[in-house]
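Let's take a walk through a protein model together, one region at a time. Keep the picture beside you and look for each residue as we reach it.

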Amino acid sequence: MAENIENKVGLQSCYWKENDKLFSVSKGGTFILYTNNSNEFSVDERCVGGKTKNPKETVSKARWAFIYEFFFQKLEKAKQEDISENLWGPLSGGTDNVAKYGLGTKYKQGSKLIFKPESYSYYYGYKQRVELFTESPGTGFYFYIIPVDKPQISFAYFTKSEEVKHYGENVSLQIMLHAYNLDKKNKYKAKLYLLEEDIAKGLKETDDFEDNNLWKEPRVYNIENGASGDNWNSYINLNFPIDIEWKKDQKSDKNFTVVLEVYKFWVEPGMIYGTNNKEERVNYKNYADDPTTDLVQYDPEILGLKDIDNKKSISSRFIVSKELMGDYLKRIEQDKNNMIQYIGDIEYSQREFDPCGYSKITIKDEDDKDRESFVIFDETAAVGAIDKTKQSFAIITGDTRKNISITLDQLTTQDTFCQGLLLDQGQKHSEKKNVFQVDKVYAALKNGNDHVRRTDATHQEQQKNAGVATTKENDNDTDVVKTNSSYNAGVAQQWREGVDYKIDSNEKITLMLRYMYNKTAFESLQNPDNKNVNAGVNLLWIFRYFWFTDDTAQTYFLPVSTCRYPNQLVKINVWPDIEWEVSFIISTNETHTLSFGKKEDLTNYPAGQGLRFSDKFKTKSEYKGFSFSTDISAKINGNVHKLGFEKIENIIKKLADLKEFLDKFNSDNSANASTGGFKEYFSFKLVSPNIVLAFKWNMGSVVEKENNHRAVTMLNGAFKLAPLIGINFEVDLFVITDSIKVYGIGDITKFIRKAIEWVTETDIYLIAYVNIELNGEFTIVYNSINGIDNKKSNKKAILSIPFGVKGGIKSNEENVIILPTGEKKEKFEAEISINSGIEITEELGTDNTGPYKKNSYVFKGLNVKVVIIENVFSRNKLSVIPKIDETFEVMKEDKICPESIEYLNNKKDEK
């Protein structure tokens, strides 16, 4: 025996037989029981104290019981009347109820105990105390055992796994590994993967785990050798956010689980030189196929899992709500705004003098070197408020993160007196995260809308200790009062250190922020089984950001604190980096326009207005003589997306139907056109619109320093009418000459014309025309701070009156080309025209003098145009071959009278 028991009474020792090898057990010793071995504990009379009256009876009545050492320590300290539950191991056979330590009958009686560790592996590796006694525990012999099984991956436990969680929240996971850390011959590491539960089912291979892993890389953990204390198992503990990127086509609550692989690794010498790292997978556990479901049967205190429910549940997966993306973003914004209100920015109107402090807070967009920094707090400000933390600093970005630095000037938190205002007991502002309070911030006490302030009786002593001389200006100080309410700004904003922020130094932190787009459309109506359809519908997500409102911005904030100025909330508004360009053109095939027979080409107009993404209109839709094109472009994350706007066709078709109705009133279509009289030689026709518009807008910043920290909606647009509408009057001069009866002139001229037409197989015409057209151009430059920029915006209306005479010949009805469509086209055309016109312009704008109205009257000159063309139809294609197309200027364009300017502030000047 390990000690002299001759002078003792009762059971004093025992034996342990492992695989037929017998060992003596010392009191208080620790013994590892491997489950693949047979383990038997026994006593005989040699184990009984020498002063025992009846050693044989003592052996036969030996009682065995075991309990976790953790629990036994609690029982020793507890009062008997406070013990309300039986914490002892599952042994049976006791005949008498033992009251001490609440044992009851959970003990084995007899000289032997064959120990079979619980089949539930969660108890493997835990230190258990074995009590050997005759009357009651704690009075006799004891020793410790640690059941050890073969190395295995045990339970996985997500905190509150049965509660439905939301994207953006954090989850905590614990995985227990057994016996890998006890292998003295090998080294092990674990690789952890996160997968959707439905996808994970049935997967066995590493490649499959990697392909479906929701993290970019598996999480790798080295399993350290060795063990001590009451628990010889090893654990993987982690906390991670539920990333919204995992949502995908989710229409119902989604389950996520983990897969763990264990690798043996070693280093081998290289073939020639150096070494090679080797690894081999020795075990894995896919918790989708082998979930942890029975932790409820185990005591939560032993496992260290405090919130296990009292019903059977799956602990190795967590559930995420089917919350729509739009609802998610609204909730996250609401949570952030609520926390800003709960924490409460402490407003300062005058300088404070605590030794622990800073003088200035400066925000800078590090990715925009041309943009000025914004000083949001300056205790030395000579002009204006020292505290501007009610304002926000705005940035514009998309999926790409921007680096926003927050810098503190003259920070004095190191090697100076700090009372730890609004911090946990014993904490100081010398710790970086107590200045840039990413993890924990306390709210200060408020009375209504104002923070409660109390005189700091130790202020002068603080200054003395800090070596600061007391002056009339700094001899008094007040401090805010800490409440018990604390908040985690990083969790509310789903921040990860190194991803969303990095603390560069004591004085500087960099926030790495991005804009989180809602890249879904009509999400509530989508069927998760129609993934291809959903993907097509979701392409419309960019129209969520077609126009920018205050709700478009996403808010981020950082509490900055020292004793001098605690809880200064630096707020950043993030706006989407989207540029929109919309251009549209509508025209008809009519040729009666200001340009004397040639319609003005407006297809290059958008580019002339500064639109960068709108190409020259290449494709057109046509309907009843109308042609129209639309170009809608959006630049997102540096990529240009082009979208057709086919719904506009409905609007165009309505206009075309209206034109068709109005054309019924044209003299060409009148049933009376051939009945003689005025309508025989006079006709008029409505000239349809030739219109183009070009608009672009995006978020930007203004140059004014007082507003440079803000983001504004900037819009530039132009609208040209060439024309909006017009009327074309034509007079057939031959009809007039044919009707002259004096000396038979009309009959003579008609005979000559008809003879020429018969000989040449042509038709001859001579027409005088007058057009009246309303043209215009409007431009606008706008931003949401300054409104319309009148100097860059103007309106111009033009009344154009072109007139002239044109005459010529063309192939007659017997010499035409009949196209496959049935349309007839002359083989030959020749025309000479004399053209002129008048243009009356009224313009509204603004110059350095002020808003004005400008009028001008212009004679458009006189020109003669000669055109001869031949039409050839070959290989199913009509070709126009110009023989002559020349214009000769006879008179130059000139003003009819001086231009007049009327200033609308009643000042007038004429030029």
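By class, the lining of the largest cavity has ten nonpolar, three polar and seven charged residues. Here Ala, Val, Leu, Ile, Met, Phe, Trp, Tyr, Cys and Pro count as nonpolar, Asp, Glu, Lys and Arg count as charged, and the others, Gly among them, count as polar. A cavity is found on a 1 Å grid over the protein atoms alone, as a set of points where a 1.4 Å probe fits but cannot get out; a pocket is an open set with protein on both sides within 12 Å along at least five of seven lines, and lining residues have an atom within 4 Å of a point. Grid points are joined across faces, edges and corners, and a volume is the space filled by probe spheres set on the points.

Before going on, a word about what you are looking at. This is a predicted model, in which local features need pLDDT of at least 70 and side-chain atom pairs count only at pLDDT 80 or more, while totals for chains, interfaces and linings use all residues. Residues are numbered from 1 along each chain as its sequence is written, and side-chain values use heavy atoms, with hydrogens and water left out.

Back to the cavity. The whole structure holds two cavities of 30 Å³ or more, and the largest has a volume of about 300 Å³. Its lining is made of 20 residues, with Q493, Q494, R514, M516 and Y556 nearest the centre. Helix α6 and strand β31 are the elements that give two or more residues to this lining, and α6 has the largest share, five residues. Helices (H or I, at least four residues) and strands (E, at least two) are DSSP runs, numbered from the N terminus.

Now look for the second largest pocket, which contains about 690 Å³ of space. Of the 24 residues lining this pocket, K330, E333, D551, T552 and A553 lie nearest its centre. Two or more lining residues come from each of α6 (325-343), β31 (554-560) and β32 (568-576). Which element gives the most to the lining of this pocket? Helix α6 does, with seven residues. The classes here are eight nonpolar, nine polar and seven charged residues.

Strand β32 is also where you will find V574. V574 and I395 are 179 residues apart in sequence, and their C-alpha atoms are 5.1 Å apart in space. Leaving aside neighbours within four places in sequence, the contacts of V574 (heavy atoms within 4.5 Å) include I395, T397, T552, A553 and Y556.

Next comes a nonpolar core, which is a set of buried Ala, Val, Leu, Ile, Met, Phe, Trp, Tyr and Cys residues joined through side-chain atoms within 4.5 Å. The largest one has 58 residues, and I361, I509, V560 and I572 touch the most other members. Apart from that core lies another, of 34 residues, among them L192, V320, Y328 and I332.

Is S349 buried or exposed? At 72% relative accessibility, S349 counts as exposed. Its C-alpha atom is separated by 6.8 Å from that of A385, 36 residues apart along the chain.

Helix α1 (residues 55-60) is the place of T58, which is buried at a relative accessible area of 13%. Not counting residues up to four places away in sequence, T58 touches L11, V48, T52 and T134.

What about disulfides? A disulfide is a covalent bond between the sulfur atoms of two cysteines. Counting pairs of cysteine sulfur atoms within 2.5 Å, the total comes to zero disulfides. C14 and C47 show why: the sulfur of C14 is 6.6 Å from its closest cysteine sulfur, in C47, too far for a bond. Both C14 and C47 are buried, at 0% relative accessibility.

Finally, step back to the whole protein chain. Its secondary structure comes to 14 helices and 50 strands, and 45% of its 911 residues count as buried. Among contacts with a separation of 6 or more, 71% join residues 24 or more positions apart.

Definitions and conventions:
Buried means under 20% relative accessible area, exposed over 50%, partly exposed in between (1.4 Å probe, protein chains only).
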